Amino acid sequence: MRLSIERKPVKVYPDMKRVIARFFFNGDERARQVIGRVMRLAPEEVFSIISPILQEYSKRHRNITKVLNRHCDKLQFLFPELGFDFENLQPYQKLLLGSYFTHEYSIESAAFFNPSIVEDPDQSELEVGEKRIIISFRAVGEGHISSIVFRRALLDKGANLVVLPVGNYIDEAEIVRSAVYDKKVFFKSAFATQINPQILKSVERELGENFDFSVLRKLVMDAQELQPDIALKREYEKVLWLADAHYDLAFSLDTDISDRVLFPISEFERKGIEDARFVRFTEEDGKLAYYATYTAYDGSAIMPKLIKTRDFYNFRVMPLYGAGAHNKNLALFPRKINGKFAMMARIDGWSNYIMFSDNINVWENPVRIQEPKTPWEFTQIGNCGSPIETEHGWLVITHGVGPMRRYCLGSSLLSLDDPAVEIGHLSEPLLIPNKEEREGYVPNVLYSCGSIIHNGKLVIPYGLSDYSSSFATVDVAALLHKLLDKSAAV
């Protein structure tokens, strides 16, 4: 018999009105033509065009003038060859130029799914038994480009959930490239193997043991200038893409959590940031940090990456390296185990693995701990977020893929002291898509990226057929009892 699970009436749907203002560029030649046409306009014409644009779009974006000025600045490199002085542009000229190189992008017009839950850093002014949480989602817009967005919600004493209303605007973060790279780690990336080895070695020779982005960029740009071969110029550009995998993001302090979107930044992730698994991590000194693993997609290849934040305003984005940092489904344990970081993975595409490391960015020696066992997961098993610590072991929510590519959610239990040992594995799914949940962008798929325990209930957020999201709860004691019952487990 399957465990009793309660589906909550709360559903979160994609909202096409949630838009960001992005840089729009169709190549140097068209940009030159547009700049020339705008520069030939009389001042009164410039004002008459930009004034209604500012009035209309200031209602849709927090600071549209800041965005337009920033996009205009990106055109500065074209001005010398056109014979115009960028420094002498008038304020309305800059705004109008910026508007021609800006477009609105609806970040969640297509889908809103694969959520994960963590405890909000702010637990002030709550009643006994309540908990404030942050939910991350995979939002999909035009061109199937995925980004990470957030909602704040409140759990009451009975683990009933209220998702709070969203803010009026959406903001992208300011990008801060202040990272210092370790040369050995930098050139160990799996992507480095796709770069011409001679180019890679020539760059590596010129760098110190530690370097920052500006040093690397100057070295690469200088080398490109001296390289006549177009194909090899492209190889130098790939080295910059490798550096582009590291960056810091900072959001304005006047933004609500629902206003912040982590949109693809680097070349590695230009087609999407997929399935972030957030976890509240307790460091050895007792301090808290929030990490998320996610999959970066460039249209053909994927790269696992790591996010770190303490406040959900400032984020550090880093690549993951090593033999275990491949494929999807990486999920970090919420604390070190026996002095080492621990991570679950699915490097072969159909089984669960575990890895341990002294360095949170480098993962080697993956060991398989779970493989498909029952018919509903014969095709594939994977984790649905970071393991949750209980007194009886590490509780792992899994997904299994069975006949007709149906995704169901299941559960297993790993030993607390040695999570490479599985001590319980449900023989039947926890959650199966019902007739209301099976229709969507990808039919028959239930998927989650991270759950939370609250007042004895396991709260599971889950995506509905890759379109929208909902929530379910199950009694933790009953679940653990079944996992430890040898007659009910595999």
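Which residues does F312 touch, not counting residues up to four places away in sequence? The views below start from that residue. This is a predicted model, in which local features need pLDDT of at least 70, side-chain atom pairs count only at pLDDT 80 or more, and totals for chains, interfaces and linings use all residues. Residues are numbered from 1 along each chain as its sequence is written, and side-chain values use heavy atoms, with hydrogens and water left out.

**View 1. Surroundings of F312.** F312 touches V118, P121, I134, F150, I257, R260, F278 and Y290, leaving aside residues up to four places away in sequence. Contact here means heavy atoms within 4.5 Å.

**View 2. The nonpolar cores.** A nonpolar core is a set of buried Ala, Val, Leu, Ile, Met, Phe, Trp, Tyr and Cys residues joined through side-chain atoms within 4.5 Å. Buried means under 20% relative accessible area, exposed over 50%, and partly exposed in between (1.4 Å probe, protein chains only). The largest nonpolar core has 43 residues, and F150, L216 and F312 have the most contacts inside it. Helix α9 (residues 230-243) supplies the largest share of this core, six residues. Domain 1 (5-15 + 107-173 + 251-484) and domain 3 (176-244) both give residues to this core, so it lies between them. Another core, of 23 residues, lies apart from it and includes I20, F137, F263 and F471. Helices (H or I, at least four residues) and strands (E, at least two) are DSSP runs, numbered from the N terminus.

View 3. The chain is divided into domain 1 (5-15 + 107-173 + 251-484), domain 2 (19-106) and domain 3 (176-244). These bounds come from an automatic or database domain assignment. The C-alpha centres of domain 1 and domain 3 lie 33 Å apart. E235 is found in helix α9 and is buried, with a relative accessible area of 12%. The C-alpha atoms of E235 and C449 are separated by 35 Å, and the two residues are 214 residues apart along the chain.

**View 4. Helix α5 and its cover.** Seven of the ten residues of helix α5 (residues 91-100) are buried, so the helix is largely enclosed by the rest of the structure. The buried residues are Q93, K94, L95, L96, L97, G98 and S99. Their cover includes α1 (28-39), α2 (43-57), α3 (64-73), α4 (79-82) and β3 (102-106).

**View 5. The largest pocket.** On a 1 Å grid over the protein atoms alone, a pocket is an open set of points with protein on both sides within 12 Å along at least five of seven lines, whereas a cavity is a set of points where a 1.4 Å probe fits but cannot get out; lining residues have an atom within 4 Å of a point. Grid points are joined across faces, edges and corners, and a volume is the space filled by probe spheres set on the points. The largest pocket has a volume of about 1900 Å³. Its lining has 50 residues, of which R22, F23, K74, I175 and I265 lie nearest the centre. Helix α3 gives the largest share of this lining, five residues. The lining divides into 23 nonpolar, eight polar and 19 charged residues. Ala, Val, Leu, Ile, Met, Phe, Trp, Tyr, Cys and Pro count as nonpolar, Asp, Glu, Lys and Arg as charged, and the others, Gly among them, as polar.

**View 6. The cavities.** A search of the whole structure finds three cavities of 30 Å³ or more. The largest cavity holds about 50 Å³ of space. Ten residues line the largest cavity, and L3, L426, E428, P429 and K482 lie nearest its centre. Its lining comprises six nonpolar, one polar and three charged residues. The second largest cavity holds about 40 Å³. It is lined by Y247, L249, L262, F263, I265, I273, Y294, I307 and V317, which divide into nine nonpolar, no polar and no charged residues.

**View 7. Loop residues.** N329 lies in the loop between β17 (314-319) and β18 (331-332). N329 has a positive phi of about 70° although it is not a glycine, and counts as buried at 4% relative accessibility. N365 is in the loop between β20 (352-357) and β21 (367-370). The phi of N365 is near 55°, a positive value in a residue other than glycine, and N365 is exposed, with a relative accessible area of 65%. K17 sits in the loop between β1 (6-12) and β2 (19-23) and is exposed, with a relative accessible area of 65%. The C-alpha atoms of K17 and S109 are separated by 7.7 Å, although the residues are 92 residues apart along the chain.
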